[in-house]
Amino acid sequence: MFTCRDIPEHATAYAEGTLGPWKRLMMMIHLSYCGMCRTYMRQLAWLRGLMGAAPMPPPPPEVEENALRTLPPPG
Ligand SMILES: [Zn+2]
């Protein structure tokens with residue numbers, strides 16, 4: 001039986017659907033009664049969604065210049 005400590009170890013494979021059927025079942029059983037790990041999985045899915053999205057384009061040069069100007073001079 002999976003404990004909370006087993007969940008992070010298998011969470012990625014579970015989310016990707018690459019976890020074996022037995023471990024997948026163990027995950028599902030654990031998640032069915034453990035709200036903490038359900039929250040963890042939700043956060044992981046959310047993070048994966050963020051990272052799976054198109055990479056952030058770099059800011060246009062004028063934005064970067066403005067940001068540099070608003071910073072106090074070093075030293
Ligand atoms: Zn748990």
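Residues are numbered from 1 along each chain as its sequence is written. As the model is predicted, local features need pLDDT of at least 70 and side-chain atom pairs count only at pLDDT 80 or more, while totals for chains, interfaces and linings use all residues. The pLDDT is the predictor's confidence in each residue, from 0 to 100. Its mean over the protein is 84, and 84% of the residues reach 70 or more.

The protein has four helices and zero strands, in the order α-α-α-α from the N terminus. Helices (H or I, at least four residues) and strands (E, at least two) are DSSP runs, numbered from the N terminus. Among these elements, the highest mean pLDDT, 95, belongs to helix 2 (residues 21-33), and the lowest, 73, to helix 4 (residues 61-70). Of the 75 residues, 5% count as buried. A residue is buried if 20 or more other C-beta atoms, placed from the backbone, lie within 10 Å of its own, exposed if 12 or fewer do, and partly exposed in between.

The 13 residues of helix 2 should span 18 Å at 1.5 Å a residue, and the end C-alpha atoms are 19 Å apart, which agrees. The expected span is 1.5 Å times one less than the number of residues. One of the 13 residues is buried, so helix 2 lies largely in the open.

Two packed helices are described by the angle between their axes and the distance between the axes. Helix 1 (residues 6-16) packs against helix 2 at an angle of about 115 degrees, with the axes 11 Å apart. Axes are lines fitted to C-alpha atoms, for helices over the stretch in contact, and angles run from 0 to 180 degrees between N-to-C directions. Helix 1 contributes Ile7, His10 and Tyr14 to the contact, and helix 2 contributes Lys23, Arg24, Met27 and His30. Two residues are in contact if their C-beta atoms, placed from the backbone, lie within 7 Å.

Ala13 also belongs to helix 1. It is partly exposed, because 14 other C-beta atoms lie within 10 Å. Beyond four places in sequence, Ala13 touches Thr18 and Leu19.

Cys37 lies in helix 3 (residues 35-52) and is buried, because 20 other C-beta atoms lie within 10 Å. Leaving aside neighbours within four places in sequence, Cys37 is in contact with Cys4, Ile7, His30 and Leu31. Cys4 and Cys37 are 33 residues apart in sequence, with their C-alpha atoms 6.7 Å apart in space.
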